Amino acid sequence: MSISMFMSEYKCVAVAMVMVASVFDASAQSSAVDEIARYRAQLQDGNPAELWEARGEDLWKQKRGPKNVSLEGCNIGKGAGVVKGAYAQLPRYFADADRVMDLETRLVHCMVTLQGFSYADATRRVFGSGSNRSDLEALTAWITSESKGVVMNVALNHDKEKEAYNLGEKMFFFRGGPHDFACSTCHAESGKRIRLQDLPNLTEKKGAQLGYTTWPAYRVSQGELRTFQWRLNDCFRQQRFPELVFGSEISIALTTFLANNANGAAFNAPAIKR
Amino acid sequence: MSILKLAFASVFVCALVAAGCATVSDKTVTQQDLKTIKASFKENGQAKLDRLDQDEAQRLCSIAPSVTIAKADAARVEKMNLESIKYPADGKLMGDWQQGERIAQTGVGKQYSDNPATPSGGNCYACHQMSKAEISFGTIGPSLYNYGKLRGTSVEMQRYTYGRIYNPQAYSACSNMPRFGHNDILTEQQLKDVTALLLDPKSPVNQ
């Protein structure tokens, strides 16, 4: 979804408000903003992410793949099969793979090493679209839901975790592409907006906590549950960069940078967003 | 603390900073980092990997907003970008403000999901307040409401405005605004139309 598309969604609300408040003044805009806040509050009534969570729990427990085993032997950081609270400590270094991994890359690792899927098969559909559902999004929905309310605590103990954080920070400020955009173009100052969309300042604690702890999210405008790998992928599309490779070193580095910056806040996803 | 002690302390800090720079600071993007970055992306449609090759302005400006770019670097970025501005051969700088308004409202262009045959937009409203009627505007850039009314439409102002859209970094190193002409985002005619949107007395920007 492009920036322009999400603007038009807000414009529907905004235009309706202009018709009511036909005279332009600051109040027309603040009432449009209030209206959006009301819309967001209404969304909180029910979250279709639960459908992804239920499917994800089944997928975790089912015997699947060429080796016909479940993922219950998968160690996502707190020991084999331990799901509760695990996401609030990711990404982290895993000695068996000798690299820092986020939840999605760790799940793929387990699908390959435990269940016997090829890497290509395990990553064939990392982002779902309509009837082409993504198992990885479902698994991510369920596992992240098991960290709801858990305080974020992403450690930088291992050298590779520190390296990932530093690289993520550099990438955050890396300008490129025809528009000269970096992550920081939109996310390094407080109180800024694109159209009427508030932008979290991800370089300070409060903004990073607000931004990071509300992904994955069910996106009403797309009818899909989206993971943090998707969030980064789509940011770079809008930055006019080439496509971010799923599970790539930069994707893990940026996630480490942002997740660590969110430490201390209660994890609060899967969320629901416009 | 005495002035002398203060002076000593600052000399000490400077020495530390210099030592840090000599051994490559933590925040410097190294050749190895660039390799990792390139390996983490794949080309998709019009978005090729060469979009990750930074020009000097992009390299010098890859810093947090809280960090001030060195004066000499800022001057170099501005000079380099100023020299890149190409003014229209026909000498006309103001086009059609109505077309300009369409360009200002549109955000498509240059994303790998965009059709390269469709003209790009300028997406001005994403970051700037411009007209009275459009209340859905962003705040990354300053308000441009009444831009022309406040400045007039002299030839100098037309040249400045056209140049500022063509390449904002000619006037403000590391500006967040895309270099719309320099990087071939907008065509010459589109740049004229957006210039008119800002300056034409009939434009909604100046009502």
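Let's start with the aromatic rings: across all its chains, this predicted model holds 14 aromatic pairs. Take Trp52(A) and Tyr218(A), whose rings make a tilted pair, 5.7 Å centre to centre with 55° between the planes.

Trp60(A) and Trp142(A) are both buried. There is an aromatic cluster to look at as well, made up of Tyr165(A), Phe172(A), Phe173(A) and Phe257(A).

Stay with Trp60(A) for a moment. Setting aside its neighbours within four places in sequence, Trp60(A) is in contact with a list of residues including Leu71(A), Ile76(A), Val83(A), Leu107(A), Leu139(A) and Ile143(A). Trp60(A) is also one of the residues with the most contacts inside the largest nonpolar core, along with Met171(A), Phe172(A) and Phe41(B). That core has 67 residues. Among the elements of chain A that give two or more residues to this core are helix 3 (49-61), helix 7 (159-172), helix 11 (249-261) and strand 8 (271-273). Domain 2 (49-145) and domain 3 (159-273) of chain A each supply at least three residues to this core. Apart from this core lies another one, with 24 residues, among them Leu93(B), Leu144(B), Met157(B) and Tyr162(B). As background, nonpolar side chains in soluble globular proteins tend to be buried together.

Now for chain A as a whole. Its secondary structure comes to 11 helices and 8 strands, and 57% of its 274 residues are buried. If you look at contacts in chain A with a separation of 6 or more, 68% of them are between residues 24 or more positions apart.

Is Asp121(A) buried or partly exposed? Asp121(A), which you'll find in helix 5 (residues 119-122) of chain A, has a relative accessibility of 41%, so Asp121(A) counts as partly exposed. From its C-alpha atom to that of Val108(A), 13 residues apart along the chain, the separation is 9.5 Å.

Finally, the two chains together. Here 56 residues of chain B are in contact with 49 residues of chain A, and the chains bury about 4600 Å² between them, 56% of it on carbon and sulfur atoms. On the chain B side, Phe41(B), Tyr112(B) and Ile135(B) lose the most area to chain A, together 15% of what that side buries. Charges and rings meet here too: the charged end of Arg193(A) sits over the ring of Phe137(B), 5.2 Å from its centre. In chain B, the charged end of Arg159(B) sits over the ring of Tyr87(B), 3.8 Å from the ring centre.

Terms used. Residues numbered from 1 in each chain as written. Chains lettered and ligands numbered in written order. Predicted model: local features only at pLDDT ≥ 70, side-chain atom pairs only at ≥ 80, totals over all residues. Heavy atoms only, no water. Core = buried A, V, L, I, M, F, W, Y, C linked by side-chain atoms within 4.5 Å. Buried < 20%, exposed > 50% of the residue type's maximum accessible area, 1.4 Å probe, protein only. Helix = DSSP H or I, 4+ residues; strand = E, 2+ residues; numbered from the N terminus. Domains from an automatic or database assignment. Contact = heavy atoms within 4.5 Å. Phe/Tyr/Trp six-rings, centres within 6.5 Å; stacked < 30°, edge-to-face > 60°. Lys NZ or Arg CZ within 6 Å of the ring centre and 35° of its normal. Buried area = accessible area lost by both parts, 1.4 Å probe.
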